[in-house]
Amino acid sequence: MKKILSLCIIACMIINLQAQNFEDYFINRTLRLDYLHIGKNDAETFEMKKISAGGTWSGTRNFLIDPHRYGDVLFQVYDSTSNQMIFTRSYSCLFNEYRSTERAKTETGSFEECIMMPFPKKTVKYTFTSYDRQKVGTLKYVGYYNPQSTNTQSFTKEYKTINLHIGGAPDTCIDILFVPDGYAKKDKKEMISDMKRFCSYITECSPYKENLQHINIRGIKGFSQESGITDPNQGFYTQTLLNSRYNVIDVDRYLMCLNVWKLNEVADDAPYDVLIIVANSEKYGGGGIYNFYATVNNEGMYSDYVIVHEMGHLIGGLGDEYFTSEVSVMDYYPTNIEPIEPNLTTLVDFDSKWKPMMETSTPIPTPATKKYKDTLGAYEGGGYVAKGVYRPWQNCTMKESIYNNYCPVCTQIILQAIDYFSK
Ligand SMILES: [Zn+2]
């Protein structure tokens with residue numbers, strides 16, 4: 001009885017937190033914190049650098065307490081008088097990938113990060129808690145923001161935005177924003193046609209195409225000094241708007257942007273929930289980090305697949321279901337712990353994942369044979385390792401270069417993310 005009662009109390013608390021009124025604590029404006037995430041494999045710190053505000057708030061108003069905690073970092077905001085938690089957001093970051101590399105055992109890395117929240121009416125306390133692979137959280141930073149007295153810059157608004165697909169008002173849609181990199185003024189035509197093409201890859205893929213009324217896609221018109229994307233392994237260096245580059249954390253095809261503050265600043269003009277960099281480069285590459293940003297290269301036969309694969313990481317916190325590719329992270333998923341990614345399992349707590357969605361007649365583990373093709377199962381191999389980590393489908397878009405082929409688990413998570421951003 002006691003247990004039932006406490007469960008009821010917890011349920012009421014969750015409902016209360018989700019039902020709290022946006023207007024009680026916030027105004028329709030966005031506050032952005034720019035900071036550094038610094039450290040190595042056994043140490044990390046956050047250093048606040050700049051706070052800015054502007055625009056409107058395009059994010060969720062009904063899920064101010066993030067119901068999905070798939071990220072490595074949890075940002076929490078409290079009303080400083082009552083100490084009530086009024087906003088949270090979970091995200092992952094490049095720093096956490098870096099800290100799992102061999103290099104991070106000796107070298108300190110410093111990575112730019114940003115977080116956005118609705119603009120508070122009164123002084124708030126905010127915290128950053130970092131979670132390790134064992135899912136143990138450590139409080140890393142505490143700060144205060146006073147809307148009357150904290151030094152706050154205004155959003156810059158230097159760049160024009162173009163509408164590519166508009167499903168509805170920003171607060172009723174997930175707002176996806178493309179930011180181009182490596183396009184000089186002479187590449188203007190190509191830049192616009194690339195963004196239109198990537199927009200159609202999203203809008204023609206399930207489950208996005210069935211939910212177009214909850215999706216907005218826009219693009220920034222932003223030019224670089226030079227064409228192309230820096231590729232250190234080829235000795236090719238260019239001056240670009242966002243300074244995106246290949247070979248980030250020593251993986252050749254890992255194309256990411258280290259100037260995250262600039263990326264968010266360029267995006268200031270448009271309402272956005274998530275950012276995707278469209279990089280002007282023939283070389284296959286990309287990356288996507290949960291609630292952080294994603295990157296795609298603009299050419300190649302797999303561009304349609306790459307963008308929806310990276311969207312899976314970006315909005316769903318989905319893990320890679322492949323296990324045969326070059327990665328530099330070591331033992332990313334300890335096999336004695338259930339991974340945080342919703343589409344991977346070590347079978348340690350499979351009930352918390354997609355086991356309830358499976359037919360009871362399907363064996364666990366499930367053999368990757370013809371008999372179980374297009375069957376929800378637990379197939380060994382995923383999360384960069386062949387043994388001990390299991391995936392839900394034989395050949396989902398999160399595993400293989402196949403467009404429009406999210407498995408039922410990934411589909412459900414993407415739908416959940418669209419719902420989160422559009423309510
Ligand atoms: Zn999947």
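This is a predicted model: local features need pLDDT of at least 70, side-chain atom pairs count only at pLDDT 80 or more; totals for chains, interfaces and linings use all residues.
1. Isoleucine 249 counts as buried because 20 C-beta neighbours lie inside 10 Å, and a residue is buried at 20 or more. Isoleucine 249 is found in the loop between β12 and β13, the latter comprising residues 256–257.

2. Aspartate 250 is placed in the loop between β12 and β13. Phi of aspartate 250 is near 65°, again a positive value in a residue other than glycine.

3. One joins serine 206 and proline 207, with omega at about 5°. Proline 207 has its place in the loop between α4 (188–203) and β11. Another cis peptide bond joins isoleucine 364 and proline 365, and there omega is about -10°. Proline 365 lies in the loop between α6 and β17, a strand of residues 379–382.

4. Leucine 242 belongs to the loop between β11 (215–221) and β12 (244–245). Is leucine 242 buried or exposed? The residue has 25 other C-beta atoms within 10 Å, so leucine 242 is buried. Apart from neighbours within four places in sequence, its contacts are Val179, Asp181, Cys257, Asn259, Lys262, Leu263 and Ile277. Leucine 242 can also be set against serine 52: the two are 190 residues apart in sequence, and their C-alpha atoms are 19 Å apart in space.

5. The next point concerns helix packing. Two packed helices are described by the angle between their axes and the distance between the axes. For helix α6 (residues 303–316) and helix α7 (residues 408–421), the axes come within 9 Å and cross at roughly 55°. The two helices are therefore oblique to each other. The crossing of α6 and α7 is left-handed.

6. Which residues of α6 and α7 make the contact? On the α6 side they are Gly312, Ile315 and Gly316. On the α7 side they are Cys410, Ile413, Ile414 and Ala417. By class, the residues of this contact comprise five nonpolar, two polar and no charged.

7. At the level of the whole chain, the protein has seven helices and 18 strands. What share of the contacts with a separation of 6 or more falls to residues 24 or more positions apart? Such pairs account for 66% of those contacts in the protein. Buried residues make up 43% of the 423 residues.

8. The overall dimensions may be stated in two ways. The C-alpha trace spans about 60 × 60 × 50 Å along its principal axes. The radius of gyration of the protein is 21 Å, which agrees with the value near 22 Å that a compact globule of 423 residues would have.

Terms used
Residues are numbered from 1 along each chain as its sequence is written. Axes are lines fitted to C-alpha atoms, for helices over the stretch in contact, and angles run from 0 to 180 degrees between N-to-C directions. Helices (H or I, at least four residues) and strands (E, at least two) are DSSP runs, numbered from the N terminus. Angles under 35 degrees count as roughly parallel, over 145 as roughly antiparallel, 65 to 115 as roughly perpendicular and the rest as oblique. A crossing is left-handed if the near helix is turned anticlockwise from the far one by less than a right angle, and right-handed if clockwise. Two residues are in contact if their C-beta atoms, placed from the backbone, lie within 7 Å. Ala, Val, Leu, Ile, Met, Phe, Trp, Tyr, Cys and Pro count as nonpolar, Asp, Glu, Lys and Arg as charged, and the others, Gly among them, as polar. The radius of gyration is taken over C-alpha atoms; the globule rule is 2.2 Å times the number of residues to the power 0.38. A residue is buried if 20 or more other C-beta atoms lie within 10 Å of its own, exposed if 12 or fewer, and partly exposed in between; C-beta atoms are placed from the backbone.
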